[in-house]
Amino acid sequence: AVVSTQSTGMTDLELLALFTAAAVHDYDHPGRTNAFLVAVGDTKAVMYNDRAVLESHHVASAWYLLTSDERYNFCSGLSTTEFKRFRFLLIEAVLATDLKKHFDFLAQLNAKTVDGEGMDWENAEDRILALQMCIKLADINAPCKEFDLHTQWTRRIVDEFYQQGDNEAELGMSVSAYMNRHKDEPRDPELQLNFIKHLVA
């Protein structure tokens with residue numbers, strides 16, 4: 001069994017869910033933002049009712065893959081109870097990467113660590129919050145990488161933004177901030193500075 005409680009950290013099942021979430025949290029990403037998918041009425045937006053569209057898609061698609069073939073299901077040795085708990089934890093972790101909820105999670109963490117008595121590792125809700133914060137940190141950690149690697153990832157993200165901007169222009173939509181390749185390229189450093197200042201730091 002992998003559900004034995006540890007007094008100083010997450011359970012083995014929680015760690016399994018966390019590592020799995022890290023692997024699948026952007027699975028089958030279409031290279032467009034939630035806002036874009038909602039604005040154009042994409043089928044994913046309709047399916048997930050305009051809420052956490054991409055995050056819901058990532059975890060749902062990964063789950064379908066996991067359970068589509070016994071060869072992929074590395075959780076087949078879990079009990080029914082463990083399997084259900086694993087699915088719950090995986091969903092909680094991946095949905096936490098929705099940046100719309102970023103400051104809500106920070107407020108919860110601060111309430112525990114700054115204003116409160118700290119994390120209670122015997123409390124399942126506190127451990128879930130820790131799990132969610134871990135995946136969030138991993139999701140936005142590009143500026144913490146070695147500079148050349150950070151620059152490579154920044155270029156890829158900016159290219160993806162410009163592709164969405166092109167798509168928006170083709171559809172007669174207003175081009176989103178930082179996504180107009182004809183106007184915003186000199187602002188790449190500003191984009192990263194804002195990202196670091198307002199989200200990472």
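Student: Is the crossing of H1 and H7 left-handed or right-handed?
Tutor: Right-handed, meaning the near helix is turned clockwise from the far one by less than a right angle. This is a predicted model, where local features need pLDDT of at least 70, side-chain atom pairs count only at pLDDT 80 or more, and totals for chains, interfaces and linings use all residues. Residues are numbered from 1 along each chain as its sequence is written, and side-chain values use heavy atoms, with hydrogens and water left out.

Student: At what angle do the axes of H1 and H7 cross?
Tutor: Roughly 25 degrees, and the axes of H1 (residues 12-24) and H7 (residues 124-139) come within 10 Å. Axes here are lines fitted to C-alpha atoms, for helices over the stretch in contact, with angles from 0 to 180 degrees between N-to-C directions. H1 and H7 are therefore roughly parallel, a label for angles under 35 degrees.

Student: Which residues make that contact?
Tutor: Glu14, Leu18, Ala21 and Ala22 on H1, with Arg127, Leu131, Cys134 and Ile135 on H7. Contact means heavy atoms within 4.5 Å. By class there are 6 nonpolar, no polar and 2 charged residues; Ala, Val, Leu, Ile, Met, Phe, Trp, Tyr, Cys and Pro count as nonpolar, Asp, Glu, Lys and Arg as charged, and the others, Gly among them, as polar.

Student: And how do H6 and H7 pack?
Tutor: At about 130 degrees, with the axes of H6 (residues 102-113) and H7 11 Å apart. That pair is therefore oblique, and H6 passes H7 in a left-handed crossing. Residues meeting there include Phe105 and Leu109 in H6 and Leu129 and Met133 in H7. The contact of H6 with H7 has 5 nonpolar, 3 polar and 3 charged residues.

Student: Switching topic: where does Asp28 lie?
Tutor: In the loop between H1 and H2 (34-39). Asp28 counts as partly exposed because its relative accessibility is 44%, between buried (under 20%) and exposed (over 50%), using a 1.4 Å probe and protein chains only.

Student: What does Asp28 touch?
Tutor: Leaving out residues up to four places away in sequence, His57, His58 and Ser61. The side chains of Asp28 and His57 are joined by a polar contact of 2.8 Å. That term means a pair of N or O atoms within 3.5 Å; within protein, one must be able to donate a hydrogen and the other to accept it, and residues adjacent in sequence count only if both atoms are side-chain atoms.

Student: How many helices and strands does the chain have?
Tutor: 9 helices and 0 strands. Both are DSSP runs numbered from the N terminus, helices being H or I with at least four residues and strands E with at least two.

Terms used: Angles under 35 degrees count as roughly parallel, over 145 as roughly antiparallel, 65 to 115 as roughly perpendicular and the rest as oblique.
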